[in-house]
Amino acid sequence: MKKEIQIIAYKCKKCGKLHFPFHDRCLACKSRDFEQVRPAGNAKLLTFTRIYNLPWGFDQRYLTIGVAEFENGIRAMGQIAVDEKYDLKVGQVMEPTWAPVRYEYDEAVYGLVLQPLA
Amino acid sequence: MRDVAVIGVGMIQFGRRDEDSLMDMLAYASLKALDDAGLGDQSVDAVYVGNMGGGAIQHQSAIASSLVDRLSLLPAAAETVENGPASGGSAVKNGLLAVASGYYDTVLVVGGEKMRDLTGWRATDFVATMTHPTAEYIYGITLPGMAGMFTRLYMEKYGVTREMLVAVAIKNQDMGGLNPYAHVEMAITKEGIYDNPASIVNNPVVADPLHLYDACPVSDGAAALILCPLDKIKNPAKPSVVIAGFGQATDTQTLQEREDPTDLKAVTLAAQQAFERAKLKPSDIHVAELHDAFTILEIAESEHVGFFKKGEGGKAALAGKTKLGGQIPINVSGGLKARGHPVGGTGVAQVVDIVWQLRHELPKNRQVKNAQNGLTVNFGGFGNNVLAFVLRRVQQ
């Protein structure tokens, strides 16, 4: 079953600025009053990289990571599920999924995984 | 506020120093600075140590308390300053404010790191702990990865090319080869790392579009300086150099929350503050040490501090304007790219290199002729905590 995207963004009730991740005070107006907002729709890729020198915890040859913007303006980092030969482009529309992004003590840690739209 | 002079500097060679502990390196650099200042067996009032990973890598905390004991500087005030890769710059700032305020007259500032105790896998993770734990780190993002994403945006917006990045890499490694304190002493050629079929072997991708020779090495090393009020210096043996201005600014932790992720606001603000306090402008600077952890950062910072207009920094590097003898020589030491980047030490080492330049103490092949004013930029996180210092040679 497809898992719900567990990203929660925070919209300032005073000025409307959208935040992700969480801040205790609005980055624009300092208000402490937020409403929770879930990402909506697909996500447009803003930038990406393919990393070959991986950090501890990743026993694989490379990782593709990018930042994408959802249709309601929330921006988030995520892994990109494409192979090395895939010709990824900035501006490409991606389908967001919630899937394991790393394993800690054999437990899956879930996060945003972006896949190119078919 | 009092004018603050740098009266002593010291550095040890950066690189892989298996024979030395973190404390050895901090002590060696400190003793060199004390000797350079002519303090001999005298003590100091306070010690600030820039270090990021003593606790995480060496399993040693309270580094400054240990250092004053080892150096017989008791009962000097002492503390460790941790601010990621800007720890060194933050230690310099703390020393500067302590002397400028009148609280202390003689301060030792030392920064250092011993990173080669870690495997590459662990070192990459150690540095990545600066990223946001749940919005970035969990994905396996690394600092080269952050720089890769930034580079892609900068290339698209400003037309920076790989050839421009290669020009920075070659310049800085050429200079590193002349610097006895540099980690990387190997000169590289354009044919070897760029326009040759073999270059993909010599210079593989580390974080697309960045390649191996776009990144600084993981280094061990330390650097130190002694600060005192300018008006306490009587009959100086060496030309006096003052920290004429400093600036520091922060930005969002995540790149994604910056309205324009190519805009390094903290660099601009820190440099503006430093210039205002020093009553100087970018065109008054004769030599600069910028935080080129990645080649793209030297180009971007050269624009953000005001040496070049946005989009012109890469062209300037390609045209040789940032070489020794050029319009504004940048990273004559080799920069982080070749001198190396022991994270807690870099911000101090940059100031040490500029002091040598302003004293006119370097050999001809590294000395900026008649340099009077210098700038350093120490870039923490991915530009979310930046310090800038303007240094000035005092006219005797």
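These questions and answers walk through a predicted model with chains A and B.

Residues are numbered from 1 along each chain as its sequence is written, and chains are lettered from A in the order in which they are written. Local features need pLDDT of at least 70, side-chain atom pairs count only at pLDDT 80 or more, and totals for chains, interfaces and linings use all residues.

Visitor: Which pattern does chain A follow along the sequence?
Guide: Helices (H or I, at least four residues) and strands (E, at least two) are DSSP runs, numbered from the N terminus. Chain A has zero helices and eight strands. Its pattern is β-β-β-β-β-β-β-β.

Visitor: What percentage of chain A counts as buried?
Guide: A residue is buried if 20 or more other C-beta atoms, placed from the backbone, lie within 10 Å of its own. Chain A has 118 residues. The buried share is 33%.

Visitor: How many residues of chain B are in contact with chain A?
Guide: Contact requires C-beta atoms, placed from the backbone, within 7 Å. Chain A brings 27 residues to the pairing, and chain B brings 30.

Visitor: How do the residues on the chain A side divide by class?
Guide: Strands 4 (43-51), 5 (63-70), 6 (75-80), 7 (93-104) and 8 (107-116) of chain A each give two or more residues to this side. Ala, Val, Leu, Ile, Met, Phe, Trp, Tyr, Cys and Pro count as nonpolar, Asp, Glu, Lys and Arg as charged, and the others, Gly among them, as polar. The side that touches chain B divides into 17 nonpolar, seven polar and three charged.

Visitor: Where on helix 3 of chain B do the buried residues fall?
Guide: Helix 3 spans residues 63-70, and its buried residues are Ile63(B), Ala64(B), Leu67(B) and Val68(B). The arc is taken from the directions from the helix axis to the C-beta atoms. Those residues fall within an arc of 125°, so they line one face of the helix.

Visitor: What covers those buried residues of helix 3 of chain B?
Guide: The cover comes from chain B. It includes helix 1 (22-36), strand 2 (46-50), helix 2 (54-57) and strand 3 (77-81).

Visitor: How are helix 1 and helix 3 of chain B oriented to each other?
Guide: Axes are lines fitted to C-alpha atoms over the stretch in contact, with angles from 0 to 180 degrees between N-to-C directions. These two come within 10 Å and cross at roughly 55°. Angles under 35 degrees count as roughly parallel, over 145 as roughly antiparallel, 65 to 115 as roughly perpendicular and the rest as oblique. Helix 1 and helix 3 of chain B are therefore oblique.

Notes. Contact = placed C-beta atoms within 7 Å. Buried ≥ 20, exposed ≤ 12 C-beta atoms within 10 Å, placed from the backbone.
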